[in-house]
Each structure stands twice: as C-alpha cells, then as structure tokens.
Amino acid sequence: MFKLVFKQYKTKSSTPDLRDVINFDDFEITQNDLRQNDNNVQRLSIINEKPIQMIPGIKSPNDWRSYKLTHHPGIVIIRNPFTERGRRYWIARCLRDYPRTPNVVNLNERLFNDSVRSDWWKQLNLCSDKDEFQRIKTAMRWTTFGYHHNWDTKLYDEQMKSSFPEDLSSLCRLFAFTLGYSDFKPEAAIVNYYPVGSTLSGHVDHSEPNKTAPLFSFSFGQTAIFLIGGTTLEEKPTAIYLQSGDVMIMSGESRLCYHAVPRIIKTQRDSTSMLASEQDDDSEIELKLLDTALFKNVCEPTFWEPFSNYVDDSRININVRQVLNLGDFKL
Ligand code: SIN
C-alpha cells in the first residue's frame, strides 16, 4: 500500500490528485478548535512552564501553531515557527556552510573535482557556464555531519564523525526542551537537498543505536508531500504538506515508521515583503547562539539573491538524530 501511494504522488505522466494531502493551513483556529473536522488532525497546545533560552529568528512558543496526527501517534508538526529572517539564516547555513569539508557530501569524485566536493556552494557561485552551473547545483543531494551515516553498512562509526554545529544544536535543543525532551542530544544530521522533481523513497530510520529519542526535521524552500505510514509497508500512509519553516518531530511509535517524500511542489515565492514587515530582531536579542554576520547579511538583497534563487526551485530538509543511548560514551 505504501509503495502504491508513493507512486500515485510521484507520477510524472499526470497531475496527482492532491485532495487527500493534509494542509495544516486549512485548519483555522477558533478558540482552540479546528474549524475543519478532520479526525486525523488535532491541535496540540505546548505549555512550557520553565523559562527557555530563545534563539533569534524563532517566534515565541506561545505563538506556535502545533498539530498532532491521531492516526500516527508521536508525529508533531509545528507550522513554521521561524521569522522570515530566521528561515533565511538556516537556508544560508545549509547551502553555504554545512556542505563543506570535513562534513561528508554525496558528490562523486569521478564527476566532481576536489574543490567542488570540499566547498560546493563557493564553486557553484564561481561557475559562469550555465549548463555546468545546473549540473553542479542539482548534483548536491545530501551532506552529513556529527556522526556520519554510512549508507552502505547503515551503521554509525565512532571513527567517522565531524563536529556538530553549535547553532543547530541550540535550535534542536530549543524544540526538544519545549516538547519535554530535555535530555535530547543532537549527535547526527543529514541535510537533504531536493531539486523539484526529486524524491526520497520509503524507509525507516533504524541505524541509530538509540531508537527511542525523537527525530527533528526542519523543512525550508519549496513544499514537500511527505508520507507517514506504519511499521510495515502494508499500511496506508497519510500524506501531509511540509512547507517552508515547518518543524516535524517523529517521536514515540512514529519514530520507527515508514516515511517518504514522493514529490516536491513549487508553491513558495520570494518573501521579501514579509521580511520588511518584521521587527528588527537583532537589537535586543542575544546573538551569540548564531553566526551574527550571517544573521545580519541575509537581509541584504544582493547577499540573499543566490540563496533565494536556489530555493526558488528546491527544498532543503535538515534531519537531526540522537545516536547514542544515555550513558553510552562510544559506539
Ligand atoms: C529523511 O527521512 O531523511 C528526510 C525526510 C524529509 O525530507 O522530510
């Protein structure tokens, strides 16, 4: 059943029927009730009594719109809790910084030279040939850091790890803490790059020795149709839209469920007007958790332009996991 639904959304020969795809924007909130009566979607109120260290570029948890899926216990979706400037910051980090050596990228050494493989974004933007630019741009599909996922053995290895960025660690800890997972340790990340037309087939994330810690997933750029199924491929998956800025948490039962991305849909446009309407949020807030220069620069039109062009026809997903069980020091 999972594979059949995947194929229906992936189809290139016709436009798929999108009526069953859950769009959280259809669920307008009136006094904590969902106006639209879908028994699979429920509003989730996040109440946090303890003070949290906030990060610039994220709205206050009191303003987050959060949902759970009753047919898939453990799935939580927070609908874009980022400011426009915050989204830009993470997009720029994923493109400019995260795919650099010593982080690992998918680019094949037979097809790309060392300069491209060690600093993809820099070389991409130095490239003046249109076809070569497109080839380099669309070849980037993932980068890993922290513990590197070994796609062949499907194991993590203590010898294969690079440092985990402080800012991304703070971001994950903020969401983990707010949702009650104060012990969560971000130890491995995969950033997936999806040019429109690309897909990710059904799989379960079971490489981590720790299979109970939640998984945090951040989406930026164009919209994904995301399928969440059960623990076997027999079960029919639910299709949801993951839009730019959405944060999804796979916890509890859903942590070991099949999931996939059968389609990327071009829906997002340039949001410069949103940026203009935002308050200047760097004056008072503690910036030391972020790359301060980058947080300022993403508001500059010329600096932002190449990043904007990239997400105009692509999606980026940051997927963060805890690898070790509490008390384990080494694999
Ligand atoms: C993944 O499962 O690794 C990525 C999912 C996504 O792109 O949303």
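Hi everyone. When I say buried, I mean under 20% relative accessible area, with exposed over 50% and partly exposed in between, using a 1.4 Å probe and protein chains only. What you see is a predicted model, where local features need pLDDT of at least 70, side-chain atom pairs count only at pLDDT 80 or more, and totals for chains, interfaces and linings use all residues. Residues are numbered from 1 along each chain as its sequence is written, and side-chain values use heavy atoms, leaving out hydrogens and water.

Let's start with helix α2. Of its 14 residues, 13 are buried, so α2 is largely enclosed by the rest of the structure. Helices here are DSSP runs of H or I with at least four residues, and strands are E runs of at least two, numbered from the N terminus.

Now the ligand. Which residues are around it? They are N192, Y194, L200, H203, F226, H259, V261, R315, N317, N319 and R321, each with a heavy atom within 4 Å. Strand β15 (314–321) is one of those supplying at least two residues of this shell, and β15 gives the most, with 4 residues.

For polar contacts to the ligand, meaning pairs of N or O atoms within 3.5 Å, polar side-chain atoms lie 2.5 Å from a ligand oxygen for Y194, 3.4 Å for N317 and 3.5 Å for N192. The protein covers 96% of the 260 Å² of accessible area that the ligand has on its own, by the Shrake-Rupley method with a 1.4 Å probe.

Last stop: S244, in the loop between β12 and β13. Buried or exposed? S244 is buried, at 6% relative accessible area.

Notes:
A polar contact is a pair of N or O atoms within 3.5 Å; within protein, one must be able to donate a hydrogen and the other to accept it, and residues adjacent in sequence count only if both atoms are side-chain atoms.
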